[in-house]
Structures are given as C-alpha cells and as structure tokens.
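Please walk me through this structure, starting with its charged side-chain pairs and ending with the overall architecture.

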Amino acid sequence: MVVEVENFFGVYMLYCTNPKFKGRIYIGFTVNPERRIGQHNAGRHRGGAKRTSGRGPWEMVLIIHGFPSDIAALRFEWAWQHPTPPAAWPTWLDGRAEYQLDFDPGLHPPLHIPVAFGSVRAKKQLQEAPGEEQLEEQRLETCLLCRETVHTVDRLSCLHHFCQMTSHMICLAKHFLKSEPTHLLPVEGECPGCHHSVLWGSLIRQKKGCYGDLEEITGSSSSQSHWADELQI
C-alpha cells in the first residue's frame, strides 16, 4: 500500500542495517521521503547528512506526517531529537507533580492520527484550470458564519461526510476562539454545521491534502526479535 499525500511535511526515523553500525538511528525532516532516503544512502556529496554518510545502508522505518506546515514538522523533529529537558530547564519545575504526565504504555493514538503500514509518497499538487462546473460551484458556496462568498483559497469544510458546512478560515477560527479566549490560535471547536467537535489541526490537514482514512493492517505476531530491540541513540 502506497499513500500519496499533497503538501507533504514529514519527520522520519532511519535505521542502520550496516553490521558495523547496526542499531543506530537518525531522525530528520523531509518533504519528499523517497528522494531523501536515496540521498542518505548515496552519501553526503549527494545531499545526505553528515551523520549518515558512509554508514549505510539505511532504511526509513517510520514516518510521521500530516503537519500543517514545515515549521510545525521542524518543531516536532527538534523535540524528537531532544527528548530530555534542556540544560536551561527551570529547576523549580523538577519534581512537581502538576507538571508531569505519565502515559499508559498501551495507549493508542488519537482517532485523528491514523496508523498504517506501508510506503508514503509526496504528491505534487496540480494547479488545474477550473471548469465551468467548478466556477459555478464556487459562486454558490457561502460561509455559514458570515454568509459571504467563500473562495477556494480561504475555504474550510467539516471533516464529517454528512456535514455540508463551508466557511472562511478566519470566520471559523474566530468561532472556535469564542470558547478559548486566551488562545492565539484555535485548537478544537464545535462545527457550526453539525455541532460535532473538530480539531483545528485536522481541518488544516484536510485542506492541505494531508488528512485521510488510511487502511489499517493488522500484523501477524512473530516470535522473532524485532529491530527496535537493538536501537541505539
């Protein structure tokens, strides 16, 4: 199964299969995973990273994507590369229970984060000239909140297939922020059309072409050792 995603921003983990460096991993950011793994295996002179050059072959074993922008993905990359608190971490936070959160090891990802096995490919977004039917449809779309015409570039729609809500991005953001007045950007809100709770990030990912239902594949159990058992930072 190969998943094609437009406006791809992803953070990946490489696993070294070279017996001399077996168990080493590398975490990086990419907008094109197929091209990036080729660069890593080709060496630094072909665009690969200094830490991976001459130590391959490498396998891209995990990709996390669906970020609304490259900035969001790069922030996640930094957090993944630096899992421990920085040296400048405030000492008064150490040991305070209200700033600690333990997660159940068996906790599943949220429903809006699909998990799938298989390849992912960055897909170029084609700029097609709108036909007469598309132009007519755009003229007929109005914002549910302000009742003004909605252009494609500013358009957001609900994730639920049964909801026909369409609105301006700024109108929906203001609507969500009514329940979160202290926030600069919305996090979650109630759809004004179907009144179901929707995550702002999911709406943006859908608009960018990075949101969809991925096929879930259940792997068979195996008694063999797993490559993750030998990971080294």
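Arg155 is partly exposed at 26% relative accessibility, where buried means under 20% relative accessible area, exposed means over 50% and partly exposed lies in between (1.4 Å probe, protein chains only). The side chain of Arg155 meets that of Glu141 in a salt bridge of 3.0 Å, N to O; a salt bridge here is a side-chain nitrogen of Lys or Arg within 4 Å of a carboxyl oxygen of Asp or Glu. Arg155 belongs to strand E6, whereas Glu141 sits in the loop between helix H3 (132-140) and E6, so the pair ties together parts that are 14 residues apart in sequence. Helices (H or I, at least four residues) and strands (E, at least two) are DSSP runs, numbered from the N terminus. Glu141 is buried, its relative accessible area being 13%.

The model is a predicted one, in which local features need pLDDT of at least 70 and side-chain atom pairs count only at pLDDT 80 or more, while totals for chains, interfaces and linings use all residues. Residues are numbered from 1 along each chain as its sequence is written, and side-chain values use heavy atoms, with hydrogens and water left out.

The structure holds 2 salt bridges. Besides the pair already described, the side chains of Glu34 and Arg121 meet at 3.1 Å, N to O. Glu34 is partly exposed at 46% relative accessibility, and Arg121 is partly exposed at 29%.

The aromatic rings come next. Rings of Phe, Tyr and Trp (its six-membered ring) pair if their centres lie within 6.5 Å; planes under 30 degrees apart count as stacked, over 60 as edge-to-face and the rest as tilted. The count comes to 3 aromatic pairs. One of them is formed by Tyr12 and Tyr26, which are tilted, with 6.4 Å centre to centre and 40° between the planes. Tyr12 in strand E2 (residues 10-16) and Tyr26 in strand E3 (residues 25-30) are 14 residues apart, and the pair links distant parts of the chain. Tyr12 is buried at 0% relative accessibility, and Tyr26 is buried at 14%. Phe76 and Trp80 also form a tilted pair, with 5.8 Å centre to centre and 55° between the planes. Both Phe76 and Trp80 lie in helix H2 (residues 70-81), 4 residues apart, or about one turn of the helix. An α-helix has 3.6 residues a turn, so residues three or four places apart point the same way. Phe76 is partly exposed at 30% relative accessibility, and Trp80 is partly exposed at 23%.

What is the count of disulfides? With a disulfide taken as a pair of cysteine sulfur atoms within 2.5 Å, the count is 0. The sulfur of Cys146 has its closest cysteine sulfur in Cys143, 3.6 Å away, which is too far for a bond. Cys191 is in no disulfide either, the nearest cysteine sulfur being that of Cys163 at 3.7 Å. Cys146 is partly exposed at 29% relative accessibility, whereas Cys191 is buried at 2%.

Leaving aside residues up to four places away in sequence, Leu172 touches Leu145, Leu156, Met165, Ser167, Pro192, Trp200 and Leu203, where contact means heavy atoms within 4.5 Å.

Helix H5 (residues 200-208) has Trp200, Ser202, Leu203, Ile204 and Arg205 buried. The buried residues of H5 pack against strand E6 (155-157), helix H4 (169-177), strand E8 (188-190) and strand E9 (197-199).

As for the whole, the protein chain has 5 helices and 9 strands, in the sequence order β-β-β-α-β-α-β-α-β-β-α-β-β-α. Of its 233 residues, 27% are buried. Among contacts between residues at least 6 apart in sequence, 59% join residues at least 24 apart.
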